[in-house]
Every structure is written in structure tokens, then in C-alpha cells.
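Today I look up a few things in one structure and jot down what I find.

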Amino acid sequence: MKHIPERSCIVCRRKAPKSEFIRIVRKSDGTIVLDEKGTEAGRGAYVCKSAKCIADVAKKRALDRTFKEKISAEAYDAVIGSFEELPHA
């Protein structure tokens, strides 16, 4: 039986297989990007594909807590905008 990696949502803390989440990455240069394929280099954080968790990322300042640094409002806006452009969001 093949091992299925589990991850936790940084907003609601739900655990599920990695495929049920969207990954957000902080690259080595400090930029925050959405990682659609899950292969981008850098520190990653996972968010449920649900609209509620996506909306609560900025509200709860979840990326600040996960990446242990202050994330700008512009970075949150860019990440949420990227979520909205996804076909399954």
C-alpha cells in the first residue's frame, strides 16, 4: 500500500491528503506565491480549497504565523487574487 502524505490547513487545522490543499510558498527572496503544482522551492503552507479557508487566510493573518514574519497586505491580496483565478476555486 502506497503512503499518502497528509498535510494540515493553516487556517482551520483540518488534516487531509496533500492533494486536497493548495500550497503557498515563501521563496528564498521573500516573495509569497501560489504553488499550483506543489513543486516550487521554498517554505510551504497549505490551505483548504474551500472558499471559507481561502477568505480567512488574510483575516486570521495565517501566513504571518506560519512563516514567522510580518506579511504585507499586498502579498495577502496577491495570494487571494491568485486563488480566485484558479479554475476550481
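First, a term I need: a residue is buried under 20% relative accessible area, exposed over 50%, and partly exposed in between (1.4 Å probe, protein chains only).

I note that this is a predicted model, where local features need pLDDT of at least 70, side-chain atom pairs count only at pLDDT 80 or more, and totals for chains, interfaces and linings use all residues. Residues are numbered from 1 along each chain as its sequence is written, and side-chain values use heavy atoms, with hydrogens and water left out.

I checked confidence next. pLDDT is the predictor's confidence in each residue, from 0 to 100. The protein averages 89, and 97% of the residues score at least 70. I use DSSP runs, numbered from the N terminus, for helices (H or I, at least four residues) and strands (E, at least two).

Then I went to Ala 78, which sits in helix α3. I put Ala 78 down as partly exposed because its relative accessible area is 42%.

Last, the rings. Rings of Phe, Tyr and Trp (its six-membered ring) pair if their centres lie within 6.5 Å; planes under 30 degrees apart are stacked, over 60 edge-to-face, the rest tilted. How many aromatic pairs did I get by this rule? I got one. Phe 21 and Tyr 46 pair edge-to-face, 6.4 Å centre to centre with 70 degrees between the planes. Phe 21 is in strand β3 (residues 21-26) and Tyr 46 in strand β5 (residues 43-48), 25 residues apart, so I wrote that the pair links distant parts of the chain. Phe 21 is buried, at 6% relative accessible area, and Tyr 46 is buried too, at 13%.
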